[in-house]
Structures are given as structure tokens and as C-alpha cells.
Amino acid sequence: SRLTNDVGAVRQAVTRVLIDLLMHGFSLLGSIALMVLLNWRLSIVIFVTIPTVMLISRQLGVKIRVLSRSVQDRLAETTAVAEEALTGIRVVKAFARESYETTRYTNATEDLFNTARKRVVVTAVFSSIIGMLFLFAMVTIFWFGGIEVLEGRLTTGDLVAFIFYAFNI
């Protein structure tokens with residue numbers, strides 16, 4: 001179980017995640033460059049938001065990584081308990097240990113479920129915090145961008161383009 005699940009995770013990281021990282025990295029750099037060219041004052045809003053997001057990502061990322069590893073460990077333990085009981089079914093039946101093995105498997109699956117639930121909660125909190133930070137940044141961009149348009153330092157079209165690049169980030 002551990003070998004199969006870990007190999008699947010590594011395969012996904014090497015293929016999909018690596019390609020996404022390169023693609024999004026170039027998109028990020030291009031968007032930042034175009035935003036600075038459009039209006040450097042408005043770009044400061046994004047430059048303040050990004051370090052905050054990175055700090056939170058680092059903090060919660062460690063916790064998510066630990067919980068993900070724990071989920072993999074619990075999954076391996078659950079599979080091992082089932083495999084042990086099934087391969088030794090004759091011994092289990094001979095000593096009337098069916099209820100013991102059932103309880104053991106139930107406890108292992110409950111541990112797996114609880115750990116997976118913790119990971120989901122932390123991931124949901126992380127996503128919510130990041131979403132709120134970017135929502136705050138977008139409201140600030142709309143507000144400050146409107147002032148820039150009214151002052152004549154930015155056209156409406158440039159503000160729309162800036163917002164597009166900000167969403168791209």
C-alpha cells in the first residue's frame with residue numbers, strides 16, 4: 001500500500017506538478033512585469049500581499065506536509081492490519097479472534113479517517129485565508145485603481161488589464 005501510494009504521489013509530482021510549476025512560474029513573472037509597466041503604484045498592493053501569502057503558505061504548508069505523511073502512514077497501517085488478518089484467517093478463526101481483528105481494523109480506519117479529516121480542515125483553512133487575502137487585495141486594487149483612473153494616471157482599459165494580471169497571479 002505504501003509503495004503503491006507513494007509511487008503514485010511521486011509520479012504526479014514529477015509529471016503534472018513540475019509542468020504546472022514551470023507554466024505558472026512564467027505566467028507569474030510575465031504578469032508582474034506587465035503590472036509594473038501599467039502602474040507601479042498599484043503594483044505595490046500585490047507586492048505587499050505576496051509576501052504575506054508566502055509566509056502563511058510556509059507555516060501551514062509544513063503542517064499540511066506532516067499531516068499528509070501521517071495519512072500515508074495510517075493508510076499503510078490500515079492495509080497491513082487487513083492483510084495480516086486475512087492471511088492469518090485460519091489462526092484468527094481457530095482462536096475465535098474475529099471480533100478482536102474487526103476492532104483492530106476499525107481502530108486503524110478511524111485513525112486514518114481522523115488524520116485525513118485534520119488534513120482537510122487545515123487545507124480548507126489555508127485556502128480560505130489565502131482567498132481572503134487575495135480578495136482584500138482585489139478590493140484595494142479596485143479602490144486605488146479607481147482613484148488612479150479619476151486622477152488620469154491610468155486608463156479604464158489599463159485598470160481592466162491590471163485586474164486581469166492580478167487575477168492571473
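This is a short tour of a predicted model, one selection at a time.

**Stop 1: the largest nonpolar core**

Start by selecting Met35, Leu42, Ile46, Ile141 and Ala166. Out of the 15 residues that make up the largest nonpolar core, these touch the most other members. Now colour the helices α1 (2-38), α2 (40-87), α4 (98-150) and α5 (156-168): each of them gives at least two residues to this core. Which helix supplies the largest share? That would be α5, with five residues. As background, nonpolar side chains tend to be buried together in soluble globular proteins.

**Stop 2: Leu42 and its contacts**

Keep Leu42 selected and show what surrounds this residue. Setting aside residues up to four places away in sequence, Leu42 touches Ile141, Phe144 and Gly145, and also Leu154, Leu159 and Phe162.

**Stop 3**

**Stop 4: where α4 meets α5**

Hide everything except α4 and α5. A pair of packed helices is described by the angle between their axes and the distance between those axes. Here the axes of α4 and α5 come within 10 Å, and they cross at roughly 160°. Angles over 145 degrees count as roughly antiparallel, so α4 is roughly antiparallel to α5. The crossing of these two helices is right-handed.

Want to see who does the touching? On the α4 side, select Met138, Ile141, Phe142, Gly145, Gly146 and Val149. On the α5 side, select Thr156, Leu159, Phe162, Ile163, Ala166 and Phe167. Colour this contact by class and you get nine nonpolar residues, three polar ones and no charged ones.

**Stop 5: Thr115**

Stay on helix α4 and go to Thr115. Is Thr115 buried or exposed? Its relative accessible area is 8%, and the cut-off for buried is under 20%, so Thr115 counts as buried. Leaving out neighbours within four places in sequence, show Leu67, Ser70, Val71 and Arg74: Thr115 is in contact with these residues.

**Stop 6: Ala96**

Finish in the loop between α3 (89-94) and α4, where you'll find Ala96. Check its backbone: phi is near 50°, a positive value in a residue other than glycine. Ala96 has 56% relative accessibility, so this residue counts as exposed, whereas Thr115 at the previous stop is buried.

Methods:
Residues are numbered from 1 along each chain as its sequence is written. This is a predicted model: local features need pLDDT of at least 70, side-chain atom pairs count only at pLDDT 80 or more; totals for chains, interfaces and linings use all residues. Side-chain values use heavy atoms; hydrogens and water are left out. A nonpolar core is a set of buried Ala, Val, Leu, Ile, Met, Phe, Trp, Tyr and Cys residues joined through side-chain atoms within 4.5 Å. Buried means under 20% relative accessible area, exposed over 50%, partly exposed in between (1.4 Å probe, protein chains only). Helices (H or I, at least four residues) and strands (E, at least two) are DSSP runs, numbered from the N terminus. Contact means heavy atoms within 4.5 Å. Axes are lines fitted to C-alpha atoms, for helices over the stretch in contact, and angles run from 0 to 180 degrees between N-to-C directions. Angles under 35 degrees count as roughly parallel, over 145 as roughly antiparallel, 65 to 115 as roughly perpendicular and the rest as oblique. A crossing is left-handed if the near helix is turned anticlockwise from the far one by less than a right angle, and right-handed if clockwise. Ala, Val, Leu, Ile, Met, Phe, Trp, Tyr, Cys and Pro count as nonpolar, Asp, Glu, Lys and Arg as charged, and the others, Gly among them, as polar.
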